[in-house]
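Visitor: I have a few "how do you know" questions about this model. Could you walk me through them?

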Amino acid sequence: MDAKTLALLDYCRIRDTVAGFCASEEGRDALREREPFTDAAIIDALKDEAREWTVWLKSGAPAALAGWPPVSGIFRGLQTEGASVTPEDAYSLLLFCRSAEAFKAAAGSAGRNLPLPALAALAETLPSLQEPMTLIGAVIDNQGQLRNLPELRAIRAEIKRLGADIESSLKRYVTELRDMLQSPVPALRSGRQTLAVKAPHKNKVRGILHEVSQTAQTVYIEPEEIVRKNNGLAEAEFHLEREIRRIMRRLAENLAGFCPDFQTAWRVLTRLDGSLAAARWGVNERGTFAEDGGEALRLVQARHPLLGGKAVPIDLAFEGRRRILIITGPNAGGKTAALKTAALFALLNQSGFPVPAGSGTTLPVFSGVYADIGDAQSLDESLSTFSARMKNIASILARADGRTLALLDELGSGTDPEEGGALAFAILDALIEKKAFVLATTHHGALKNYAYSHPECANASVEFDPATLSPTYRVVTGVPGESRAIEIARKSDLEPSVIDKAESYLAGGQTDISALIRGLTERYAEADQMTALLRKRESHCAQQERALEEKTALLKEQESALGKTETREARRFLDEARKSLENLVRELREGEITREKTRAVKGFIAALEQAAEDAPVQDAGSPAEQAARQTGALCSGAEALLKPKNTPVTLLRRGDEKGIGPGEQSWVVQAGSLRLTVKEKDLSPVGKKRESRAVPPLVTIDFAESGAGQGGEPAFELRLLGMRQEEAVKALERQLDLAVIKGLRQFSIIHGKGNGVLQQAVRECLAKYPGVGEFHFARSEDGGAGKTWVTIGEGIPSGIQV
């Protein structure tokens, strides 16, 4: 990057503006020396640091990097043997150390709440400066003043005493010599306290005459007594200065060993100050950090920072394999500004700075940026405008390669149009061979055709509003522009007759080309409006999708909370039922089964079953359903104690007929350890067979190798992708059988779309299977026509044991 190009593209002005956001003078000076880097690793590191500072600033937390006075010169002084430091230098070092320690603490605290890995890594490289802070703080206070150390305290007390004595003596002289003095206030001359004595009385006051006034009416005399006391004061002050120098020299010796730490901390802090300044400038300019484009250059809503609020955002891009963009259009339409904006952004990006553009801006890392812009005429070197430009372009061609960006303004101008056009073709051909990125502007119509005929080139234009006869400064990619010289001349108050004559000289072909360009421009404007509309709709759809996702997440959260509540209630219901039933069973087993106990058990069972039926059930595996099944099992166990069984018993005696119906007999019987009263009609001899009841058939099915689910269990999501039709139908039938037997009410099938054969086979199988209640395709976000949800119907036969 040569200094001429940097100045030509206004890089130095922008860099100095960024430097103005630094917290310290040394950080500002260091940033003003920065030039664009060509090492991608360094660029990425600087951008990461500035990007994290941006996050820090936007979080509302104060940027914890305080400024400090210049200290780099103090480091060099400390390395000199026998050197000393002044209290001011020591105080500057103290502030520097505090800034480093404060940043370390703040980075650690902010890093717990914000993503700041790069800044945290820099904070880790800062050496600890607590010890030098302690050494300096023992000598210098928080206001930068020398502390009242013990070795200074006595001398300062003596100076104070002598000063008070001198003041008292002067007051006495003023009182005694009031009539001989021009002023009752002592005057300081040559650093000594004197009396302003009237000239006629000068011989009446013994002492040293230090000065005579310009009018010779007043002489300034230091009385002999005051001379002696001032001499004592001067001697005491000399002792104080000598002691201070000794203390500061000792402090310098103690700090000399920390010079490497000081220098390391200085390098880190100045770098941090520079990246903080870049972040502050980026926030102020509403900028963004360009992404690494590799070999792609794209500017989105780019604004030249020097134009401020007058800047018109432009979009500019090298599409596909194209590396040459030829911009055409009217004078003062913004062609050169577009060139400078693209090149300036590349330089800012390679300096670790953000760029005033929208998100999606991508920039390569260039090894060089070279420009041929403006009038390079030189009278001293006998160079015409054209000669100077050719010399500059020759230099660009010599240095161009696949990683350079070349800016060629008004290519082919300044000479015969035909020869200039031929030279422009040849220059672009050479740059294409070198695979360089090129941004060129021109008014040559032939170059527009050149851009169309070369796959490495693309046309672009700056937009012109025919209604107002003024440019809009927008860059339109893919469409060449017109120079609009006639319109601009008409707006510039050129005589109408001259305008008419100029129009008559234009060939019909030129008019046809202009009409074609206008048509292309209109088509592009329509396409641009359609693109904006599509982007707006896309943004709206994205917002709706995010709202739907948030709503789904909320419903899932509510469902989960409801499930937990249901589980707790079901468990409580089951525990209470179990305890009550266990108490009833214990009462039955401990004594005889009476009618009251029987009625109590049956009443409890009826209430329990009704409560289980009333409980809401979501699915077969829900906690409420499990509790209902367990409740049913408890009820069945309780009823079993009341129902007569074909069990051998021992008749003990006739029972009490109280509570038995009229004409009914009862017996007290014992079955094992249980003793109860039973109606006689419910008893039968052991040897007599009762009529056998029909027992439902027992069917055993082995699904161990069915493949529908692990261990013969139905799958909640059956995947048929990759299977042949016959294999897929067989797996689906097994899944359906298992779902019916195991009580799985709903599951999904992944069959894909493909050519529709597997999809149709699945639907036919489901339609024929008697146990399927309903099936349908999934929602679009859940798989659409490639996935089917199946619901098993009610009333499926039971009695099958697996």
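Visitor: Why is the crossing of α7 and α11 called left-handed?

Guide: A crossing is left-handed if the near helix is turned anticlockwise from the far one by less than a right angle, and right-handed if clockwise. The α7 and α11 pair is left-handed. The contact (heavy atoms within 4.5 Å) is made by L119, L122 and T125 of α7 with T264, V268 and L272 of α11.

Visitor: What makes α7 roughly antiparallel to α11?

Guide: Their axes cross at roughly 160° and come within 9 Å. Axes are lines fitted to C-alpha atoms, for helices over the stretch in contact, with angles from 0 to 180 degrees between N-to-C directions. Angles under 35 degrees count as roughly parallel, over 145 as roughly antiparallel, 65 to 115 as roughly perpendicular and the rest as oblique, so α7 is roughly antiparallel to α11.

Visitor: What kind of model is this, and how are its residues numbered?

Guide: It is a predicted model, where local features need pLDDT of at least 70 and side-chain atom pairs count only at pLDDT 80 or more, while totals for chains, interfaces and linings use all residues. Residues are numbered from 1 along each chain as its sequence is written, and side-chain values use heavy atoms, without hydrogens and water.

Visitor: Which residues of α4 are buried?

Guide: Among them are I43, L46, W53 and W56; buried means under 20% relative accessible area, exposed over 50%, partly exposed in between (1.4 Å probe, protein chains only). Their cover includes α6, α7, α11 and α12.

Visitor: What caps the N-terminal end of α4?

Guide: D39 does, with a side-chain oxygen 2.9 Å from the backbone nitrogen of A41. Just after α4, G60 takes a positive phi of about 95°.

How values were computed:
Helices (H or I, at least four residues) and strands (E, at least two) are DSSP runs, numbered from the N terminus. A polar contact is a pair of N or O atoms within 3.5 Å; within protein, one must be able to donate a hydrogen and the other to accept it, and residues adjacent in sequence count only if both atoms are side-chain atoms.
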